[in-house]
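Colleague: I would like to learn how to read a model of this kind, taking its features one at a time. Could we go through it together?

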Amino acid sequence: MLPQKLMKAASLIILALLAQISFAQDRVITGKITDSKDGSPVQGASVVAKGNRTGAQTGTDGTFRISVPATVNALIVSSVGFATQEVSIEGKTSVEVSLVVVNASMGEVVVVAYGTRRRGDLTGSVTSVSAKDFQKGNINSPEQLLQGKVA
């Protein structure tokens with residue numbers, strides 16, 4: 001009698017493990033992200049499984065590969081300068097996404113010690129530093145920058 005009960009218990013445990021494994025199956029989605037304007041690949045675009053923390057980034061050729069749980073049915077694709085797009089992956093293993101350029105410009109932003117502020121919100125003096133100032137050498141004090149004297 002004891003071996004029969006032991007066999008039933010072992011069968012239940014094995015069945016539970018198999019059910020767990022079959023429901024936890026991930027699937028691999030591959031794809032390519034391109035610019036809608038000229039079809040060029042978008043490098044560094046983020047691809048995230050909707051409702052999940054799984055993500056990937058496109059390579060130099062705009063391709064990506066992401067492993068997502070079977071319960072995920074959409075990907076969120078985003079990149080700087082492009083509109084964020086949601087793509088359905090139901091019944092698919094490969095997707096091609098064409099991102100649309102967003103013509104949003106930032107206002108004048110000033111970088112301060114620990115963040116950024118709009119220029120209109122500042123009450124002190126503001127100095128602009130351009131690329132030519134970096135090529136002159138070290139700047140030891142703000143006065144040198146204002147006077148155009150650099151080491």
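The conversation below takes up confidence, then the sheet, then the salt bridge.

Colleague: Where is the confidence lowest, and where is it highest?

Modeller: This is a predicted model, and the protein averages a pLDDT of 78, with 62% of the residues scoring at least 70. Confidence is lowest in strand 9 (residues 115–118), where the mean is 56, and highest in strand 7 (residues 94–99), where it reaches 94.

Colleague: In which order do the strands of the open sheet lie?

Modeller: The open sheet has 3 strands in the order 4-1-7, and their pairing is mixed. Strand 4 (63–69) and strand 7 stand at the edges with a single partner strand each, so one side of each has no neighbour in the sheet. From one strand to the next, the twist averages 30°. Strand 1 (residues 26–35) pairs with strand 4 in the antiparallel sense, over 7 bridges, and lysine 32 stands opposite threonine 63 in strand 4.

Colleague: Which residue forms a salt bridge with lysine 50?

Modeller: A salt bridge requires a side-chain nitrogen of Lys or Arg within 4 Å of a carboxyl oxygen of Asp or Glu; lysine 50 forms one with glutamate 86, the closest N and O atoms being 3.0 Å apart. The pair links distant parts of the chain, 36 residues apart, with lysine 50 in the loop between strand 2 (46–49) and strand 3 (55–57) and glutamate 86 in strand 6 (residues 85–88). By this rule the count comes to 1 salt bridge.

Colleague: How exposed is lysine 50, and how exposed is glutamate 86?

Modeller: Lysine 50 has a relative accessible area of 41% and is therefore partly exposed, while glutamate 86, at 47% relative accessibility, also counts as partly exposed.

Terms used. Residues numbered from 1 in each chain as written. Predicted model: local features only at pLDDT ≥ 70, side-chain atom pairs only at ≥ 80, totals over all residues. Heavy atoms only, no water. pLDDT = per-residue confidence, 0-100. Helix = DSSP H or I, 4+ residues; strand = E, 2+ residues; numbered from the N terminus. Buried < 20%, exposed > 50% of the residue type's maximum accessible area, 1.4 Å probe, protein only. Pairing = 2+ DSSP bridges. Axes fitted to C-alpha atoms, helices over the stretch in contact; angles between N-to-C directions.
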